[in-house]
Amino acid sequence: MGPNTDMSEFIKEKSQVTLNELWKKKEVPKKLSTAPDHDDDVQIIQVENISQNMARTTSIGQGKRKLSLKKSKCGKQLKIEESTTTTHERQLEFHTDNRCDRQLELHTDNRCDRQLELHTDNRCDRQLELHTDNRCDRQLELHTDNRCDRQLELTLTGSVSESSSDKQVPYYLNNFETLLKAVTEDKSYVPLFNSDDRAVISSYHKLSSSAKKLYVRMLCRKFGWIPVKKLNYPEIAADLKPYLLELTTAGLVHSASDIRTLAKLYHVRPNLSNKKQLLEELMRKCKQNTFMSMFGSKSGGVATVMLARAKKFLQGVYKLSLEPRKLFLRVLLLSSLASTGGHTAETNGQAQLFQMFMVNMGKAVYPSYTIDKLQNIFQGREDVVRLEKALQLEFELLSCTQKGHWDKAFEIFQKVEADWQALEHLEEVHVWNVKLPDFLRSFTASSVLNRLLSLSVETLQRRKQYTQAVSVLKQLLSQSTYNTSHRGYWWERLALNLDVHLKLPLQSLEAVADGLADGHVGVDHRLALYERAEAICGRHKWTDKIKEFSHEPLMEIPKVFIEGRVLHENVSRNGTKFLSSWEGQGQDMVVCGVEELVLEYYKKNGFTSGVHAEGSILSALFMLFFWDIIYMPLPDAFHSPFQMFPLDFYTESFYHRRSLAIESRLSQIESLTVEDLERMAEETWRAQEGCLNWERLQGLDSIKGLVSCMGGKVLSGLLARYARSPRHARSGFPDLTLWNAETCSLKMCEVKGPGDRLSHKQILWLNHMLKLGINAEVCYVKAVAAKKLKSRPS
């Protein structure tokens, strides 16, 4: 889809219920109507359910029109034929209803015989118009129900028939080809593919339908050699070898059934090319002792494993060719740039295909928006290749840090540093990136590498390389082109390393002062920097220096303390777990987390409704009251028809580009009555049902109750802090949101288990709520042994 494309054209094409499905469920249309120009030609007829072995023909009008409905004996074909004998009849309307209040109208204009419009209404008041011109082959193909692997073909002659089995398109192939088409037909992406890339794509298009299905299936699997016996897709074919051969001939798949591939797996010297030499070397490796064989193990060691692999190779093993695979993953990457953070091209593409599968299943709907693409992110193919490589490094680094593999993480850091330095010396890359809007700049390889340098600071600190960590932080702070939202973190870590690890308090105070003067530093990091200055000056008794720093005073946060029966640590392997009794169930107990324990406590103390949702409930409220502003048409906010959010959503540009609309909406919310707020939330809820996951809100009645307890002033105050900085404000929101619609009472509670304490973001959110007049507090849970609680008198 190109610029200014209405997203509904894609959404509803994926969610239509096919006519064949209606026949299968025996929910054929209950009414057919014609609406020609002359009233005397109007006739309503009733059509009863038609069995699978019958065909019925009904005439409409006084010999001027004929509509034929036919169902084949096999129950797989539905045919609608229309013939016209007059030029005065203009319109045919075909209505269906399938338990979901959906309507399908097919309109044709016999005077110009050029246009077909398909309108749908699926509780979201969306419209899909498909146009075709008789001068251009007069044919339109519409794929509607991917779950049933069916295809409908609509032509202006009026016939509708189901395609043959060799043309059936399952959801995964249809989704993949939809993304492939969207990217390759985007004019701005043409420079990103060279002649070799286009040749590979052409080879794919020439494949048979079954071979395409098999390739996409293999593309979604883990990369590596796959034994043929593990390629089991009966919906494609019982015997896949002909299609594997077709893929191999096209150069998209490698096959291995000889000794050379086996030798490569065992790292046999590459200079050995003779099969006899390879066999001798493999036999030698079979006789090598393993660690387990030294202790008398009879498992067979290397010989047993090699024999099993050799048997698999005799049957045949297959692996996707590397370069074509990279190309198709690059295509998937380009189709889903908005979700690249922390993902490789592979995992990002798989996530995009899964999201489309959810759309196919009716469990998600892409929002409606206008694509207004003015600025290209990439100037050439090399830019995308660099981004792909940088995302791979990011995935590997995150994996190492999560597992605590700091030595391996340090090796990745060295690669990142080398790549960053190389890119910084490419003048054309730097000039191009600087010209990009800041929210698009985050999708460049330079921005990802800059982000990886930031992530590497923790690795250096874990390895006690504090001097190098300070050097990296100063390097990051010396530029303001990339990741300016991270500058608060950089100043905070710099001040900490200088003070605590390098014992340079004066330099640390200088870093604090520079950080507080930086306009890109968020409120949470400002608080952390000020507390660092307080600690340094207090430690060294520099009473005069502390006067150079200031921060807005914070309100005292109310505290509540309760006790909970803790589960034995040998039983709980996922953090501290508590035992709680169900209300009214006597001695019956349930294992729960600390938040659920506190939630039950508050429910017993007057708050009949509550959710443990943290910031997701605030995000949902923001979507409900700012939906039209979030998806308002703005240049470069949407580059793809497959986005859930605008590209600038988590950047500083989000508020700056919509500030007038946001401030106007906040003023409106503050002045609205509770009834108007409920009506406003309900309208968005019903109109956008399916676009987002509202499960955390527990239904429309629940959200109405919450909104009525908040009122306009409180709701506006909460959403204002979020709207002005979605990136920083999305975390730190209290764990529990509690309310009682009958008493119009509201409480926000941050839960802290044993050994836990408030973060700066949590402190600031609670302080903000107290200023709005919200009943906000911290609930500390003390873990008590079961025996101690039992011994206490009731």
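## Ground rules

Because the model is predicted, local features need pLDDT of at least 70 and side-chain atom pairs count only at pLDDT 80 or more, while totals for chains, interfaces and linings use all residues. Numbering starts from 1 along each chain as its sequence is written, and side-chain values use heavy atoms, with hydrogens and water left out.

## The big picture

The protein has 28 helices and 21 strands (DSSP runs numbered from the N terminus: H or I of at least four residues for helices, E of at least two for strands). Of its 794 residues, 48% count as buried, meaning under 20% relative accessible area with a 1.4 Å probe, protein chains only.

Take the contacts (heavy atoms within 4.5 Å) between residues at least 6 apart in sequence: 64% of them join residues at least 24 apart.

## Two nonpolar cores

A nonpolar core here is a set of buried Ala, Val, Leu, Ile, Met, Phe, Trp, Tyr and Cys residues joined through side-chain atoms within 4.5 Å. The largest holds 100 residues, and Phe176, Tyr204, Met218 and Phe328 touch the most other members. Beyond its neighbours within four places in sequence, Met218 is in contact with Ile226, Leu231, Leu244, Val253, Tyr318 and Leu320. Another core, of 60 residues, lies apart from that one and includes Ile371, Tyr631, Ala637 and Leu706.

## Helix α27

Helix α27 covers residues 760-771. Its buried residues include Trp765, Asn767 and Met769, and the buried set packs against elements including α20 (523-540), α25 (700-724) and β21 (775-784). Just after α27, Gly773 takes a positive phi of about 90°.

Note on methods:
Expected span 1.5 Å × (residues − 1). Buried < 20%, exposed > 50% of the residue type's maximum accessible area, 1.4 Å probe, protein only.
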